[in-house]
Amino acid sequence: MQNKILLPTVMGLGIVFVLLGITFSQPTVEPILREPMGYEELNLSYVDSNSILKSSLMSNGILMSSPLKFTGDSIAQYCTFYQDEIKQNSITYCTSTELKDSEGKFLGNIHMVGTLDSPNAVLGVVQTDPNLSNLDSLKITYQIMINSLVCDCWQDKKPGNFESVSQWIDAAKSYHLEAKRTTSSSEISGLADKQLFLEITTNSEGYLWKLIISN
């Protein structure tokens with residue numbers, strides 16, 4: 001089994017999205033991520049999406065492994081992302097890839113979960129150190145995920161009045177550091193009818209970042 005950043009089971013992949021612009025939120029006693037309305041497929045292909053991501057990331061100095069594929073009993077072991085038991089049981093197929101930066105250091109994972117036909121959500125999970133020394137690699141990874149799986153239209157749409165994905169990430173980072181909270185999150189909706197959820201959690205190794213793309 002490849003390296004994998006383990007996610008807390010309270011994560012539950014669903015999200016309450018704000019339909020206008022972007023918001024920053026503080027952690028609450030509720031699960032940080034909640035079930036979205038609709039819960040529809042992303043209309044993506046596991047094979048094509050992983051292939052496009054791998055090629056685009058490689059062009060930018062980030063190595064992505066071939067996807068591991070999980071079905072049946074292995075789902076519970078390697079693809080537990082939903083808090084809600086019904087939704088977790090709805091996962092019948094999952095792929096997981098490993099990311100390494102230009103120096104060959106482990107960077108994180110990209111997971112796709114859903115049915116055999118199509119993923120319902122795509123997660124990019126990256127660990128940064130306390131000094132955020134690999135923040136540029138994180139930005140590249142998330143920008144490529146959005147460009148490849150959502151649209152290459154950020155500069156035209158400027159969701160949340162952010163000029164770029166990098167600017168959105170910087171704003172989320174500044175908010176998290178200034179708020180001095182364990183977990184903070186930022187949401188953008190309506191970009192090519194997709195939902196983007198960015199979460200930052202302070203941990204013993206620095207900061208754990210999660211970008212979730214869903215309908």
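The crossing of helices α4 and α6 is right-handed. This description rests on a predicted model. The axes of the two helices, α4 and α6, come within 9 Å and cross at roughly 125 degrees.

Helix α4 spans residues 135-149. Its 15 residues reach 21 Å from the first C-alpha to the last, close to the expected 21 Å. The buried residues of α4 are L135, S137, L138, K139, T141, Y142, I144, M145, I146 and L149. An α-helix has 3.6 residues a turn, so residues three or four places apart point the same way.

Helix α1, residues 46-59, meets α4 at an angle of about 135 degrees, and the axes lie 10 Å apart. That angle makes α1 oblique to α4. The crossing of α1 and α4 is right-handed. From α1, the contact draws on S49, I52, L53, S56 and L57. From α4, it draws on T141, I144, M145, S148 and L149.

The chain as a whole holds six helices and nine strands. Of its 215 residues, 49% count as buried. Among contacts with a separation of 6 or more, 62% come from residues 24 or more positions apart.

The strands come next. Strand β5 covers residues 106-114, and eight of its nine residues are buried. Strand β4, residues 93-100, runs antiparallel to β5, and eight bridges join the two. Within this pairing, C94 has V113 of β5 as its bridge partner. Five residues lie between the strands in the hairpin of β4 and β5. In that hairpin, G104 takes a positive phi near 85 degrees.

Strand β5 also pairs with strand β6, residues 119-128. The sense is again antiparallel, over seven bridges. Here M112 is bridged to V122 in β6. Strands β5 and β6 form a hairpin, with four residues between them.

L191 has K194 of β8 as its bridge partner. The hairpin of β7 and β8 has two residues between the strands, and A192 takes a positive phi near 55 degrees. Strand β8 is mostly covered, with eight of its 10 residues buried.

Strand β8 pairs as well with β9, residues 206-214. Nine bridges link β8 and β9 in the antiparallel sense. E199 is bridged to K210 in β9. A hairpin of two residues joins β8 to β9.

Leaving out residues up to four places away in sequence, T182 touches H176, I200, T201 and T202. T182 and T202 are 20 residues apart in sequence, yet their C-alpha atoms are 5.2 Å apart in space.

At 29% relative accessibility, N203 counts as partly exposed. Neighbours within four places in sequence aside, N203 is in contact with Q127 and L208. N203 and T182 are 21 residues apart in sequence and 7.8 Å apart in space, C-alpha to C-alpha.

How values were computed. Residues are numbered from 1 along each chain as its sequence is written. This is a predicted model: local features need pLDDT of at least 70, side-chain atom pairs count only at pLDDT 80 or more; totals for chains, interfaces and linings use all residues. Side-chain values use heavy atoms; hydrogens and water are left out. Buried means under 20% relative accessible area, exposed over 50%, partly exposed in between (1.4 Å probe, protein chains only). Two strands pair if DSSP finds at least two bridges between them. The expected span of a helix is 1.5 Å times one less than its number of residues. Axes are lines fitted to C-alpha atoms, for helices over the stretch in contact, and angles run from 0 to 180 degrees between N-to-C directions. Angles under 35 degrees count as roughly parallel, over 145 as roughly antiparallel, 65 to 115 as roughly perpendicular and the rest as oblique. A crossing is left-handed if the near helix is turned anticlockwise from the far one by less than a right angle, and right-handed if clockwise. Contact means heavy atoms within 4.5 Å.
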